[in-house]
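Please consider the sequence and the structure shown below. The paragraphs that follow lead from a single residue to the chain as a whole, and then to its strands and aromatic rings.

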Amino acid sequence: MMVNILQGIILALTYSIHLSNAVNPAKENCLTYESNYPKTRACECVVYQSYGNSRGKFTSPNFPETYPRNINCILYTFIGDLGEIIELSFLEFDLKMPGQDRLLSISRVSAANRCTDFLKFFLDLDRAEVNQYSSWNYEVCGNISTIQKKHYSSGRSLILEFHSDTGPGNYTGFRGIFQFLDKNSYLQRSSVSQTAGREIMVHEGKFVTNGVRDPGTPCTYSYISTNSTKTGGLFSPRYPQNYPPGASCQFIFEGLPGEKVKVEFENIQLHHVDKRYQIGTKCPIEVADGLSTDTRTNPSCDESYDAILVHDGIDKSANVIGIFCDVHNTQVVKSSGRYMYIDFYSDDKDERQGFAAKYTFFTEHQTTADSRTTPSTGMKNSNAESVIEKTKMRDVNAAATEILVPSMDPTNSNASTNCNRHISSADGKNGTITSPNYPNPYPGDITCRFTFEGSGPERVQLRFTHMDLYFPGGNAAKPHDCQAADSVTITIYINGEPTDLDTKCGRELPPMYMSNEHRMTVVFRSLTYSHTVTGFQADYAFVRNFGISTGEPDSRYLCGFNYKSILASSGFFTSPNYPGKYPRITECHYLFYGQKGEKVIIDFTKFEVDGVKPNCDEEHKSDYVSFSNFFTTQDRKMDRFCGLRTGKNNTVKSDGEFFKVTFKSNGIYDALGFMAKYRFVQTNNKQSPDVPKTSKAPRTYTIGGDSCSLYEHSQQWTSILCLLVFFLL
C-alpha cells in the first residue's frame, strides 16, 4: 500500500517537472525504478512535458563531449497531453558497441556481443512509469548509420533508459529532437463505409494507405488504376509506429491495359536477424548464451523473418523482382506489365517502424529513335539479347548506323542538347550508343548523358566495343588519371543515391558492366576538341537473367537458377555478367538437383571475387561464394570462397543429391567474378536430397519462435528432425 502511495506521489511530481531544451540529465531521482544491473540504485530522471504540441531537444550527458562511464541509468521521460503522441528524431548517435554493426536485441545476442552502453526504448506505456519488470521494445547502440532515426510512442508517454558500463570508451552519446503530436491528425486511421454493397475503407491522417481493403483481412489492399487515381501511398500497419507482431499484409496493384506500376519505398526499417546455425542442424536456432563458437551470420533477405517481397504479377506465384529487409532509405521497383503484388510479413518479436512507400500507375510512351542510338528488335524468348550476342550483328547494322547518324559539325553548339538521351526498355531491349559524330571526331566542351531505365527484374548490361578519347598526357593505352582528360563515367544507384561505378578515359577498353537495379546512367564529357580521336561506341541490353546464360530460372528468387541431372549431366555456370564485372548488391542462387544416388562436383576454373580471406564475411566487407547441402540453411562445415583463387583446392563436392551455391556482393567494390564447371556423378550413397525437384513454395511453421521452412515433398526424416529441435527447445 505504501509503495503504491509513494509511486502516486512521484508520478504527480513527475507531471509537474518541465526542463528547458538544454538540460543536464542528472537532476532528479526516480524512486519507482531500479535497474537490473549490479549495485542497483534509483535512476536519475529527466522529464519533458507537453504544453500543447510543444517540441525541444534532448541529449546525453556532456554532449558533444564524451559521456561519463558507469552510468547506472538515466530515464528520459516524455509526457504528452491527452490525445498526443511523442516523436523522437535522432540527429547524432554514438554509443559503444562491441562486436556488431547493427541494431541489437538482448534477447537475441550472446553476452559477448551484448550492448554494454545502450539506450532502451519503452514505446507502449499506459502510464509514465516503469520498473524492472516493464516490457520494453528494443535496445540501441552503435552509430547513427545503424539505427532507426525516428521513433513514435503508441500513447501519451515514452521513456528512454540510458546506461553505460565501467569499461573504457570515448563516445559522444546522442542528440535528438522531440515533438508532441496530435494523435488523431497524425497517425493513420481507417473507418469502414458501405458503397454499393462493397466495404470501402475511409482513410485519415498523415500516413494514409490508399486502396480498398479486402473484407475479412487485416491489411490486404487492392489498388486499381482509374482515370482519376494514378498515385497514392502504402504503409506498413500502424506506421510510423512499430508494426504489430505476426504481420501479414498484401498489396495488389492492377493498372489499365498498357500501364505499368512503380513503387518507391522511401523508408524501410525492418528487424533483421542474423541467423546462426550449429553444425549438423537443418533448422535455424536463436543465438543464445553458451552457443557454440562455430557459427556464422547469414544476413540474406531470402531467409529474413521480417521482409518485403515484390512480385512481377498478380499474385505471389509471379517472379520476384525485389526483396527487402533490414534498413534502407530509397528502393524503387517497376513492374514489366500492368500487375504488381507486394507481400510484407514479420515474425512475432522485435518489431520495427516498418515501411513507407508511394505508388504510381504510368505509361511508357514510345520515343523517336535517337540519331546516335540504334535500337534492335531482335529478342530471344523472354530475355533481351546480351551485348555479346548483339555485337555479332555489328557488321549487319553498320550500314544502317551510318544512315541514321548524320554528319555533325564538331563545333556545333547544339550538340550537347542533341546527345542527351533517355533510353527505356519499352523502346527496345538492346541497341548502341556512341559519342557524337562517331566515328568522326566529337565536339569539344560537351557533356552527353545516356539514362537507361528498365522494368521488372531487368538489369542494364553495357559493353564498350570502341574507346578512343582525348588524353592530354601519359600513356593513353594505360591511363591512370582521368581528371584532366575526356572521359566516360558509369553511374549506378545504391539506396536511391547515385554512385559512380567507374570512370574511363584514353584508349583502354573498359570491362563489361551491369547495373544493380533497373537503371543506369552513362555520362560522356569532352574538355577540349581534338581532330585525331574517334570517340566511343558501346552496346547495351536490358536483360532479365543477370547475364547468366545457363540453367533454368527459378521464380522464387530475384536471381536463381536450377541445374538438374535429368536434363544435363554436366555443364557450366558463371557469376552475373561474366566475363565482365559482376553487379553490386546482388545475390544469386544456383541449385543442383541430382538423381537417386548422385552427387555433384564443382570445379572453379576462374575465380576473382573481392573479399578478405579466410573470413570472406560481411564483417570484413567481403563479397563471397558460399555452399550448402541444405536448401534453407548454410552449411557450417563448408568454407566460403573469396579473393583471387588459382591452382588447386578450387573443387567442392556435395554430400548428397542436392547442392546449393550462393554468390553475394555488397555495395563497395566489384571484380570479374567466376566461371565454374559442374558434373553429376553416381555414387553408392543413396541419401535423399534435402529438397525435392520442385518449385513449389515452402510451407512454414514455428520452432522455438522461429520459422522453419519445409517443402511439401520433403522427406519425412527432415520433419522428424525439426520436431525434435522443437521439443528440445
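Is Gln 148 buried or exposed? The model in which this is asked is a predicted one, in which local features need pLDDT of at least 70, side-chain atom pairs count only at pLDDT 80 or more, and totals for chains, interfaces and linings use all residues. Residues are numbered from 1 along each chain as its sequence is written, and side-chain values use heavy atoms, with hydrogens and water left out.

Gln 148 is buried, its relative accessible area being 4%. Here buried means under 20% relative accessible area, exposed over 50%, and partly exposed in between, with a 1.4 Å probe and protein chains only. The residue belongs to the loop between β8 (142–143) and β9 (150–152). Strands are DSSP runs of E with at least two residues, helices are runs of H or I with at least four, and both are numbered from the N terminus. Apart from neighbours within four places in sequence, Gln 148 is in contact (heavy atoms within 4.5 Å) with Phe 90, Tyr 138, Asn 242, Gln 269, Arg 352 and Gln 353.

The chain as a whole may now be considered. It contains six helices and 47 strands, and 54% of its 729 residues count as buried. Of the contacts with a separation of 6 or more, 78% are between residues 24 or more positions apart. The accessible surface, from the Shrake-Rupley method with a 1.4 Å probe, comes to about 31,700 Å², and carbon and sulfur atoms account for 51% of this area.

Strand β11 (residues 173–182) pairs with strand β3 (residues 55–59) in the antiparallel sense through five bridges; two strands pair if DSSP finds at least two bridges between them. In this pairing, Thr 59 stands opposite Arg 175. Strand β5 (residues 84–95) also runs antiparallel to β11, joined by 10 bridges, and here Phe 93 stands opposite Phe 174.

A pair of aromatic rings is described by the distance of the centres and the angle of the planes. Rings of Phe, Tyr and Trp (its six-membered ring) pair if their centres lie within 6.5 Å; planes under 30 degrees apart count as stacked, over 60 as edge-to-face and the rest as tilted. The whole structure holds 58 aromatic pairs. Among them, Phe 93 and Phe 174 are stacked, 6.3 Å centre to centre with 25° between the planes. Because Phe 93 lies in β5 and Phe 174 in β11, this pair ties together parts that are 81 residues apart in sequence. Both residues are buried.

Phe 631 and Phe 658 form a tilted pair, 5.9 Å centre to centre and with 45° between the planes. This pair links the loop between β41 and β42 (643–644), which holds Phe 631, to strand β44 (residues 658–664), which holds Phe 658, across 27 residues. Phe 631 and Phe 658 are both buried. The charged end of Lys 660 sits over the ring of Phe 631, 5.1 Å from its centre, the criterion being NZ of Lys or CZ of Arg within 6 Å of the ring centre and within 35 degrees of the ring normal.

Strands β44 and β41 also belong to an open sheet of five strands with mixed pairing, in the order β36-β37-β39-β44-β41. Since β36 (552–553) and β41 (624–628) stand at the edges with a single partner strand each, one side of each is left without a neighbour in the sheet. β36 pairs antiparallel with β37 (residues 560–564) over two bridges, and Pro 553 stands opposite Phe 561 in β37.
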